[in-house]
There are 2 protein chains.
Amino acid sequence: MKKQVSSAKRSAGVTRQGPEPGYHHGELQEALIAATEAILAEQGAEGFTLREAARRAGVSPAAPSHHFGNAQGLLTEVAIRGYDALADALRAAASGKRSGRDKLHAQGMAYVEFALKHPGRFQMMFANKRLVADDARLRRASKAAGAEFEIIVAELVGGASKPAKAAAAAAWSTVHGFAKLALEEKFGSVKNEAGRREIMITLNQVLNYLWPADGPRQAV
Amino acid sequence: MKKQVSSAKRSAGVTRQGPEPGYHHGELQEALIAATEAILAEQGAEGFTLREAARRAGVSPAAPSHHFGNAQGLLTEVAIRGYDALADALRAAASGKRSGRDKLHAQGMAYVEFALKHPGRFQMMFANKRLVADDARLRRASKAAGAEFEIIVAELVGGASKPAKAAAAAAWSTVHGFAKLALEEKFGSVKNEAGRREIMITLNQVLNYLWPADGPRQAV
DNA sequence: TCATGTAACTTGACACTGTTCAGATTGAGC
DNA sequence: GCTCAATCTGAACAGTGTCAAGTTACATGA
């Protein structure tokens, strides 16, 4: 009886398509991650609660702790996957372009596009205090995403190590700051498609201003 | 008896130096704002709770609602003052310099210095979902701070309206993104003075790279 | 086939949180 | 001196994350 209620709840959640299990869920980690990503997509970073994630996965509030330790652990896992997805997007954006400047340009657009398309997840990825900040895998994933900029920028400034680092920091800072300010509506509404399109036009101007088309920028 | 306990609590809080009041606090708004800023300074944006602010001001958890409506209202007031302080800092930084490029450079440094000096308050200022995002005074204060960049950038690009806007967005985005990434420790530790100094050096390189000394950047 | 141990999950509790509301208290204006 | 609005308290409510202890399911080995 009780179990039926539990099963009913379970199938109403984010879900699995496998056979109805009994006491054991079977794929609880993945279900919780999926539930978390759904919450972040629907309600943003502030909307996430561990209990709601558990509810969607059809388990008790205490269940997640056995797999992720605590809420930070679950969010860390989600953030890691977010960084992986971001790195993929940056790589994909640059792959089609010829010049280093075009690659950087495309990367910048892809970065902000990612942030606008997954605002909740993006905000969470950079909410250090809600994650296990010193988790080795998280740090690696974050570094890998940042390194995508270094790779491209190295082409621009000629591969010199020190100036390249500063130039990569500049590129990352610019697009990250633009994305953050856009999400906080400093550049107008971001809730409708028209607003987002206008924001991307502004970003295009910003990138053209900082990395003009006429020849690559030299390091100082 | 009960009242003595209440008074003792009150004097242990963030405090007022006036005469011991009875039932009425007298300066509760200011006391709550001061308490909130103290919490943000000590514990960061995530550490704030309305109850803790009330505790420090020596009043019951329900008291703040009579002055600020809810927690968002109180935080909004704090954010407004934060934006005012930021605008002041940006203005002061630019005032001493000659060229437009030097002014912009100084503003950028001041922006990140502000963020590193008051991380909790800074993060809260840009946490739209924890504030009354459509509050008129908040929007005005935020816009005023952003306008400090436009004023300086207009000198650089020659005052042309449309390119100036993009250039101002570029400047704001860069320093804001740098500050955010620095606070999330993407550029190394920010907990000790040595780490912060190194970060400011990196910022200096970033600004020199994007706005080089040899002549003002032209609009596209 | 069956006992046993371990991993997965639930139950119930605890200390918090923000907010609401009725009622007590206060000070200012008439 | 009285009235009344502003101010604040106390108690309650629904919700949160986490923990210890109990329950269930499953694999392993005899």
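These legends accompany close-up views of a predicted model with chains A and B. Local features need pLDDT of at least 70 and side-chain atom pairs count only at pLDDT 80 or more, while totals for chains, interfaces and linings use all residues; side-chain values use heavy atoms, without hydrogens and water. Residues are numbered from 1 along each chain as its sequence is written, and chains are lettered from A and ligands numbered from 1 in the order in which they are written.

**View 1. Overview of chain A.** Chain A holds 10 helices and zero strands. Helices (H or I, at least four residues) and strands (E, at least two) are DSSP runs, numbered from the N terminus. Along the sequence the pattern reads α-α-α-α-α-α-α-α-α-α. Of the 220 residues in chain A, 49% are buried. Buried means under 20% relative accessible area, exposed over 50%, and partly exposed in between, with a 1.4 Å probe and protein chains only. Among contacts in chain A with a separation of 6 or more, 65% join residues 24 or more positions apart. Contact means heavy atoms within 4.5 Å.

**View 2. The two chains and their axis.** Two copies of a chain are related by a rotation about an axis and a shift along it. In chain B, G177(B) has the C-alpha nearest the axis, 1.7 Å from it. The superposition is by least squares on the C-alpha atoms of residues with pLDDT of at least 70 in both copies. Of the interface residues of chain B, 100% are also interface residues in chain A, so the copies meet through the same surface.

**View 3. Helix α2 against helix α5 in chain A.** Two packed helices are described by the angle between their axes and the distance between the axes. Helix α2 (residues 28-43) of chain A packs on helix α5 (residues 71-95) of chain A at about 75°, and the axes are 10 Å apart. The two helices, α2(A) and α5(A), are therefore roughly perpendicular. Angles of 65 to 115 degrees count as roughly perpendicular, under 35 as roughly parallel, over 145 as roughly antiparallel, and the rest as oblique. Axes are lines fitted to C-alpha atoms, for helices over the stretch in contact, and angles run from 0 to 180 degrees between N-to-C directions. From α2(A), the contact uses E30(A), L32(A), I33(A), T36(A), E37(A) and L40(A). From α5(A) come L74(A), L75(A), E77(A), V78(A) and R81(A). By class, the residues of this contact are six nonpolar, one polar and four charged. Ala, Val, Leu, Ile, Met, Phe, Trp, Tyr, Cys and Pro count as nonpolar, Asp, Glu, Lys and Arg as charged, and the others, Gly among them, as polar.

**View 4. Helix α5 alongside helix α8 in chain A.** The axes of α5(A) and helix α8 (residues 136-157) of chain A come within 8 Å and cross at roughly 15°. The helices α5(A) and α8(A) are therefore roughly parallel. Their crossing is left-handed: the near helix is turned anticlockwise from the far one by less than a right angle, whereas clockwise would be right-handed. Residues of α5(A) in this contact include I80(A), Y83(A), A87(A) and R91(A). Residues of α8(A) include L138(A), A141(A), A145(A) and F149(A). The contact of α5(A) with α8(A) has 12 nonpolar, two polar and five charged residues.

View 5. A164(B) lies in helix α9 of chain B. A164(B) is buried at 10% relative accessible area. Leaving aside residues up to four places away in sequence, A164(B) touches V153(B) and V157(B). A171(B) is also found in helix α9 of chain B. A171(B) is buried, with a relative accessible area of 3%. With the neighbours up to four places away in sequence left out, A171(B) touches L104(B), F149(B), V153(B) and W211(B). A171(B) and Q107(B) are 64 residues apart in sequence and 9.5 Å apart in space, C-alpha to C-alpha.

**View 6. The loop at E185(A).** E185(A) sits in the loop between α9 (161-183) and α10 (193-210) of chain A. Its phi is positive, about 65°, although E185(A) is not a glycine. E185(A) is partly exposed, with a relative accessible area of 25%.
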